[in-house]
Every structure is written in structure tokens, then in C-alpha cells.
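Subject: Structure handover

Hello,

Please find below the structure I said I would pass on. My notes on it follow.

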Amino acid sequence: MKKTTQAVPNMLLRNARISLGLTQEDVADKIGASHPFLVNRWERGIASPSPRYLRQLVKFFKKKPEELGYCLKDSKAKKRI
């Protein structure tokens, strides 16, 4: 039987956005993401931002990757569990 893993929501990223009173669309626009759905997937823990988008998130929120719920490993953004 195949096990399914449940996504872990990224509350740190979500809280950073909400604390500034921004929508997911606002964040997507500010970091140059092609669609707000990307931010939604990152917040829901379904996907992680690419290194490019992670750099943009860090720059925009003025926080370390760890403060947004991510750590860098092997040049890829990985969700911290």
C-alpha cells in the first residue's frame, strides 16, 4: 500500500504576509512570481519556492530563510519540518 504524506502548512511564511496586511497576489507581484497560486502552494506546504523565489521572499520580507520556514540545502529550497 502506498503511503501519502500530508503537507505541513508554512505558518511562518503566511504570518509574515499577513503581518504586512498583504494578499497572496500582493506577494506574488512583489517577488515577480508568475501567479499568486504559487504563494498559496508554498503557504499550504504543497510546494517549496525555487531558490530564485526564496531569495526574492527573503529580500522582500527582510527575513532569513529560516524565519520564513525554509532552509537552504544543496542549492534547493527545502521546507523545514
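The side chains of Arg17 and Glu43 form a salt bridge, with 2.6 Å between N and O. Please keep in mind here and below that the model is predicted. The count of salt bridges comes to 1. In general, side chains of opposite charge can pair when their charged atoms come close.

Are the two partners buried or exposed? Glu43 has a relative accessible area of 6% and is therefore buried, since the cut-off is under 20%. Arg17, at 10% relative accessibility, counts as buried by that cut-off too.

Val39 is another residue of helix α3. Its relative accessibility is 2%, so Val39 counts as buried. Leaving aside neighbours within four places in sequence, Val39 is in contact with Gln24, Val27 and Ala28. The C-alpha atoms of Val39 and Arg17 are separated by 10.0 Å, and the two residues are 22 residues apart along the chain.

Now the overall layout. The protein chain has 4 helices and 2 strands. Read from the N terminus, the order of the elements is α-α-α-α-β-β. Of its 81 residues, 30% count as buried. The protein chain exposes about 5,800 Å², and carbon and sulfur atoms supply 52% of that area. Among contacts with a separation of 6 or more, 53% are between residues 24 or more positions apart.

Next, the core. Which residues touch the most other members of the largest nonpolar core? They are Leu13, Trp42, Leu57, Phe61 and Leu68, out of the 15 residues in that core. Helices α1, α2 (24-31), α3 and α4 (51-61) are the elements that give two or more residues to this core. The largest share comes from α4, with 4 residues.

Leu57 is worth a look of its own. Not counting residues up to four places away in sequence, Leu57 touches Leu13, Val27, Ile31, Trp42, Pro49, Lys62 and Leu68.

Two of the helices can be described as a pair. The axes of α2 and α4 come within 9 Å and cross at roughly 105 degrees. Angles from 65 to 115 degrees count as roughly perpendicular, so that is how α2 stands to α4. On the α2 side the contact is made by Val27, Lys30 and Ile31, and on the α4 side by Tyr53, Gln56, Leu57, Phe60 and Phe61.

The C-alpha atoms of Lys30 and Gln56 are separated by 8.5 Å, with the two residues 26 residues apart along the chain.

Arg55 sits in helix α4. At 55% relative accessibility, Arg55 counts as exposed. Between the C-alpha atoms of Arg55 and Ile31 the separation is 9.0 Å, and these residues are 24 residues apart along the chain.

Two loop residues remain. Lys62 is in the loop between α4 and β1 (70-73). What is the phi of Lys62? It is positive, at about 55 degrees, although Lys62 is not a glycine. Most residues other than glycine have a negative phi. Lys62 is exposed, with a relative accessible area of 75%, and is also one of the residues that Leu57 touches.

Thr23 lies in the loop between α1 and α2. With a relative accessible area of 41%, Thr23 is partly exposed, because that value falls between the cut-offs of 20% and 50%. Thr23 and Asn40 are 17 residues apart along the chain, and their C-alpha atoms are separated by 9.9 Å.

Regards

Note on methods
Residues numbered from 1 in each chain as written. Predicted model: local features only at pLDDT ≥ 70, side-chain atom pairs only at ≥ 80, totals over all residues. Heavy atoms only, no water. Salt bridge = Lys/Arg side-chain N within 4 Å of Asp/Glu carboxyl O. Buried < 20%, exposed > 50% of the residue type's maximum accessible area, 1.4 Å probe, protein only. Core = buried A, V, L, I, M, F, W, Y, C linked by side-chain atoms within 4.5 Å. Contact = heavy atoms within 4.5 Å. Areas by Shrake-Rupley, 256 points an atom, 1.4 Å probe, with all protein chains shown as cover. Axes fitted to C-alpha atoms, helices over the stretch in contact; angles between N-to-C directions. Parallel < 35°, antiparallel > 145°, perpendicular 65-115°, else oblique.
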